[in-house]
Amino acid sequence: MTCRNWFFTILAVSLLSACADGNTNPPPEDGGPDARDAGADTGADTGTDTGTDAGCVDNDDDGYGAGCALGPDCADDNNMVNPGASETCNGLDDDCNDMVDDALIAPVCELTEGVCAGAVSICNGADGWSVCGATEYGADYEATETACDTLDNDCDGSTDEADCPCAAGDTQPCGLDVGVCMPGTQTCGADGTFGTCEGSVTPMGESCNGLDDNCDGTVDEAAGLTTPDCPLQMGVCLGAKRECAGSAGWGACAGGASYGADYEEVETSCDGLDNDCDGIVDETCECLEGDTQPCGTDQGICVAGLQTCSGGAWGACVGETAAGTESCDGLDNDCDGTVDEGLVAPDCTLTVGVCAGSTQPCDGALGFKACTATDYGSSYQATESMCDGVDNDCNGVIDEGCACVDGTTQPCGSAVGTCERGIQTCATGAWGACTGAVGPGTETCNGLDDDCNGTTDDNLTAPSCGLVDGVCSGASKRCGAAAGWLDCAAPEYGPSYTAVEDGSVDELLCDGLDNDCDGTTDENCSSGPFYTQPQDLIQPWLYGEHLVFLANPDGNWDVFFVDLRTGSLKRLTTTPGDEDSPQVHGDLVVFLRGTGAAARAYVYNLTTDSETALTTSTTTGVRVNRGWVTYADTRAGNSNIYVYEVATATETPVLTSAAEETAPDLRMPRLAYVTDASGTRTIHMLDLATSTDTAVTASASGDQTVPRMDSTLFGWSDARAATAPIDSLSDWNVYGANYTDVTVETAIVTATGSQILGDVNGGLFAWSDHRDGNWDIALRGMAGTELFTARNAAAQLGPTIHANMVVWADNRLGTFDLYASSITRPPAGVGDVRINEFLADPGPTADVNGDGTVSSSQDEFIELRNITNVGLDISGFTLSDTVRVRHTFPAGTVLGTGDVIVVFGGGTPTGLFGGSALQTASTGTLGLNNGGDTITLADGTGTMIDSVVYGGATGLNGGNNESLVRVPESTGAFVLHSTDPLSGGAAQSPGTARNGIAF
């Protein structure tokens, strides 16, 4: 084997012994080279070998022997025999490989030509290499050549040098191998001579065929061919011959190439030749080249010319004076033999009245002359004196000084309406009086045109209708022509009028108007206008007392905010582009700015009145909850989900897989979203606190989209029943699930048509429903029957729900307004609503209710929170201290899931308060004692819902200029507000969580 230098160093030692057999320069074991180890001695030793390896027995002194580094020796008595020697022809095993005279290179023999070529000596063992002879040179070798076998038998470089013309049976080619000729074969006979040529093809006569028939080396040479005539042999074609086309034979004659330069297939030349070889000369020529003839005429002013033949046709007339246009000059200008005929004479000077059409006469060589009275006609007067109805003096005025033509009549007066015409007669050039006419009168409602102005019953003052309230206000009676003033009905009262207003029968009548004009608006209506503006209002979103929506006052969509407690409207955006998808939670509003690939997420802080851009890449959805924002962003090339904490301005990617993750919704600490990781879009629920991601029950087919969440439930729209292609009007249905097991789905609505989920809140699902062919608004819980809030022929879209209110965009009045319906919610039971925070001792400088006045009584407050997952009605409930009832909640007071309501001692609470509901004590004070008191919430029957005792033995001091609050909220024990780390040291947080963020 061969040692390779690219083996790892760590293997070198183990491989050393394996490499030794073939390595001609092994590493010495004594640490240095030994001169003897380089090879065997070539002569007798001259002295003691001082370099012998220890333990080596080398009797013949050739470096090989027992225990020697080069290995053992097979003949230690002969230094010419050892494993390193070369084998020679001597009958010995020189290289100790157990084979004698092997792998030798034999010497070449003396003779190297003819049959001796390649012959080598043979090794004869101890006798050495043989002398070459017949044995080495082979059977064909002859010391003296006698055989006639075409071989160099004596190896002298000459073949058959004896008298050998040929050998019997030999053959050789004979004959020509040129053109069509082919060689044959001659065979050598017994006499040593070749016989006749057999099988050859000999020369023949030359033909036009592309072959060398006579085998002279030239193909189709003209000298040996007889050329046939071309078909045409007349005119310029006479004597034309065909040309040989080789293998194609004699070619066809065509064109000038065969017949010459004067040949024309269709004769056009007029040259005195038969160019088309048909026996006729110049058959298409009208004249001969160079001939001439006269042209034109010598009549009138005309002079004849001359034509010359060119190209077989007469050329232009040269030298003539041609006919012109006849003119008034006494000459025959058009050379027709008549003078001054057919002229277009100019008009006379006078061209109106009786002179119209008169022209100047021609006076021969003198030209046209001026017109006279004769030319104007018999009715012409140089000075007009007749009143005959014509312009006699041709000045454009008829009957100067005459008002009319005597004896003529004309109608007078008006024939419009009730008026009638009279007659006027002309006498002495003037019209007489109008006789028999009827003039205009005063217009009345009678179907006639009394004032003769062309319009019937116009400019009338209509009396008022009988109904004057509601939409009928300002309506007046309609004139019925001959019937007089008509009693008022729907046409007079307008399109919003109805004789019977009943919203329970016709929901379109729930429009905020008194449609039947009885002084009462929207009888029996469960829904009606909630917020209106002159422009379209769409995409409402409701949280507590805060409402956001889109409006387009400038032709693009902007975000608007309404505080429902005060009705104050605030425009949040004024950019020239469109905003989209607004949502509010507490004091934070989120939306998308821009459309398509330009859409970006923004958050608007109502507290600081400022906006912040959250994304710089295409964003397809944005939602907000409890100070956190989530959005779907494509910065990584596909859509991923991020969350953003507003307080710290910190963004965190939460879903960044290769799948498309879109449409997030947020209810801290849970996030719902859509992913296409399974091939169809499915809804997932991600617990941000534990990073647990769970898929809802996947559809058998179709997509899931629009996830919406409340505190315990979430829902989505599902297209499993739809057929492709899927759009917003496909058969979408609404499904829901509970947080306790998100994989168990419940069909909320599976009606035909499309149902697109809008919102989930307080255990209710609100959606836009298209089952009737137009969009309606519907609601339902996880169980029970559907409640249609708005169902009519108008379009209702995008419902949002909170507490006992559902709001949507509705175009029943022609433009989209915001409509609302109140939802009946169950009354709160024991423990459903908790006293969460209260302030008995406002600080000496704290204006807690924000009304601009610091008051120790008005700034007291009690905060209640609904801790259930449904909206609760607390109408008629009371708040009491140990003395008496301090506040009774008015009708319609409803708390949504997780909502709070703050009751202040008095004043005019002003501010955001996280969007929570605000009331002031109905008795004018809460009367909370600083040292201690008992606060009780009771229902209308007096049943206690919740109660708090502070002061005294409880250790809860209400007199520290700050509130007491539950930690954790709603269920924990009360502590001083500022002592909780989440409060940041704040003394109170009415309407919000301890950190100032909405619940």
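Colleague: With which residue does Asp 554 form a salt bridge?

Modeller: This is a predicted model, in which local features need pLDDT of at least 70, side-chain atom pairs count only at pLDDT 80 or more, and totals for chains, interfaces and linings use all residues. Residues are numbered from 1 along each chain as its sequence is written, while side-chain values use heavy atoms, with hydrogens and water left out. A salt bridge is a side-chain nitrogen of Lys or Arg within 4 Å of a carboxyl oxygen of Asp or Glu. For Asp 554 the closest N and O atoms are 2.5 Å apart, and the partner is Arg 571.

Colleague: Where in the chain does Arg 571 lie?

Modeller: The pair links distant parts of the chain, 17 residues apart, with Asp 554 in the loop between strand 13 (546-551) and strand 14 (558-563). Strands are DSSP runs of E, at least two residues long, numbered from the N terminus, and Arg 571 belongs to strand 15 (residues 568-571).

Colleague: What is the relative accessible area of Glu 969?

Modeller: Glu 969 meets Arg 994 in a salt bridge of 3.1 Å, N to O, and Arg 994 lies in the segment after strand 50 (973-976) while Glu 969 is in the loop between strand 49 (964-967) and strand 50, so the pair ties together parts that are 25 residues apart in sequence. Both belong to a salt-bridge network that also includes Arg 626 and Asp 980. Arg 994 counts as buried at 9%, and Glu 969 is likewise buried, with a relative accessible area of 15%.

Colleague: Which residue in strand 38 is the bridge partner of Val 806?

Modeller: Two strands pair if DSSP finds at least two bridges between them. Strand 37 (residues 805-810) and strand 38 (residues 817-822) are antiparallel and share six bridges, and the partner of Val 806 is Ser 821.

Definitions and conventions:
Helix = DSSP H or I, 4+ residues; strand = E, 2+ residues; numbered from the N terminus. Buried < 20%, exposed > 50% of the residue type's maximum accessible area, 1.4 Å probe, protein only.
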